[in-house]
Amino acid sequence: MNWYDRVILPWMIDIACGLPMVQSKRQSLVPLARGSVLEIGMGTGRNLPFYDRSRLTQLVGVDPALQMHSLAKRRSQQAGLSVELMGLSAEKLPVSDDSFDTVVCTYTLCSIPDPAAALHEVRRVLKPGGQFLFCEHGRAPDASVARWQDRLQPWWISLAGGCHLDRDVPLLLRDAGLHAQVQQGYVPGPRPLTYHYWGQAHKTA
């Protein structure tokens with residue numbers, strides 16, 4: 001890992017993930033988490049202030065970026081939450097089938113190397129009747145914006161820690177066997193970066 005990825009990138013990601021339009025999405029989604037909860041891509045812990053502690057029995061966070069864990073631990077203490085942090089990616093989770101009531105994933109599918117594998121793991125570890133709460137940016141439906149996403153992608157991926165601008169979130173969910181109620185649209189900001197998909201998903205039969 002180079003100096004930029006180790007020192008500068010965590011703070012840049014934390015600032016970007018703390019912008020008001022992003023925080024408002026977290027605030028509307030994260031309090032719905034209940035029971036035993038797995039958060040994929042906990043990062044610097046931006047979701048932690050929004051969990052309803054009275055609804056949680058367990059909170060586990062996974063993220064391979066160990067350089068971000070210290071900020072996440074600080075935010076967990078500020079939020080009064082006990083969090084088990086694991087330094088790994090989501091493509092192969094070391095937990096049993098049907099382990100969690102809720103899986104939370106915000107602004108993470110864009111940077112997971114194999115998002116399809118990660119979502120299959122989400123489906124595997126969800127209990128019957130469990131919920132997957134997600135909020136992601138992705139490929140815009142407008143052709144002109146999508147072209148800009150394609151142009152920017154080779155430069156953006158190295159600057160933004162492996163982030164992809166053009167992932168088709170509804171398709172990824174459907175292919176993983178997750179039935180999703182998806183809301184979508186632009187949030188304020190440059191359009192190639194701000195087309196969002198959010199909502200809840202459950203296992204299909």
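Mentor: Start with burial: a residue is buried under 20% relative accessible area, exposed over 50% and partly exposed in between, with a 1.4 Å probe and protein chains only. This is a predicted model, where local features need pLDDT of at least 70 and side-chain atom pairs count only at pLDDT 80 or more, while totals for chains, interfaces and linings use all residues. Residues are numbered from 1 along each chain as its sequence is written, and side-chain values use heavy atoms, leaving out hydrogens and water.

Now the rings. A pair of aromatic rings is described by the distance of the centres and the angle of the planes. Rings of Phe, Tyr and Trp (its six-membered ring) pair if their centres lie within 6.5 Å; planes under 30 degrees apart are stacked, over 60 edge-to-face, and the rest tilted. That rule gives 3 aromatic pairs. One of them joins Tyr-186 and Tyr-195: the centres are 4.8 Å apart and the planes stand at 80°, so this pair is edge-to-face. Tyr-195 also pairs with Tyr-197, again edge-to-face, at 5.2 Å centre to centre and 70° between the planes.

Tyr-195 is buried, because its relative accessibility is 6%. Tyr-197 is buried too, at 6%. Tyr-186 is partly exposed, because its relative accessible area is 26%.

The charged end of Arg-191 sits over its ring, 4.0 Å from the centre. The test asks for NZ of Lys or CZ of Arg within 6 Å of the ring centre and within 35 degrees of the ring normal. Arg-151 does likewise over the face of Trp-148, at 4.7 Å from the ring centre.

Next, the sheet. Helices (H or I, at least four residues) and strands (E, at least two) are DSSP runs, numbered from the N terminus. Two strands pair if DSSP finds at least two bridges between them. Here 7 strands form an open sheet with mixed pairing, in the order E3-E2-E1-E4-E5-E7-E6. E5 (residues 126-137) and E7 (residues 195-203) run antiparallel to each other, over 6 bridges. There, Phe-132 stands opposite Ala-201 in E7.

Most residues other than glycine have a negative phi. Asp-98 has a positive phi of about 55° although it is not a glycine. Asp-98 sits in the loop between E3 and E4 (100-106) and is partly exposed, because its relative accessibility is 38%. Tyr-107 also has a positive phi of about 55°. Tyr-107 lies in the loop between E4 and helix H4 (115-125). Tyr-107 is buried, because its relative accessibility is 14%.

Ser-76 lies in helix H3 (residues 69-79) and is buried, because its relative accessibility is 9%. Its side chain reaches the backbone oxygen of Lys-73 at 2.7 Å. Leaving aside neighbours within four places in sequence, Ser-76 is in contact (heavy atoms within 4.5 Å) with Leu-48, Leu-81 and Val-83.

Conventions
A polar contact is a pair of N or O atoms within 3.5 Å; within protein, one must be able to donate a hydrogen and the other to accept it, and residues adjacent in sequence count only if both atoms are side-chain atoms.
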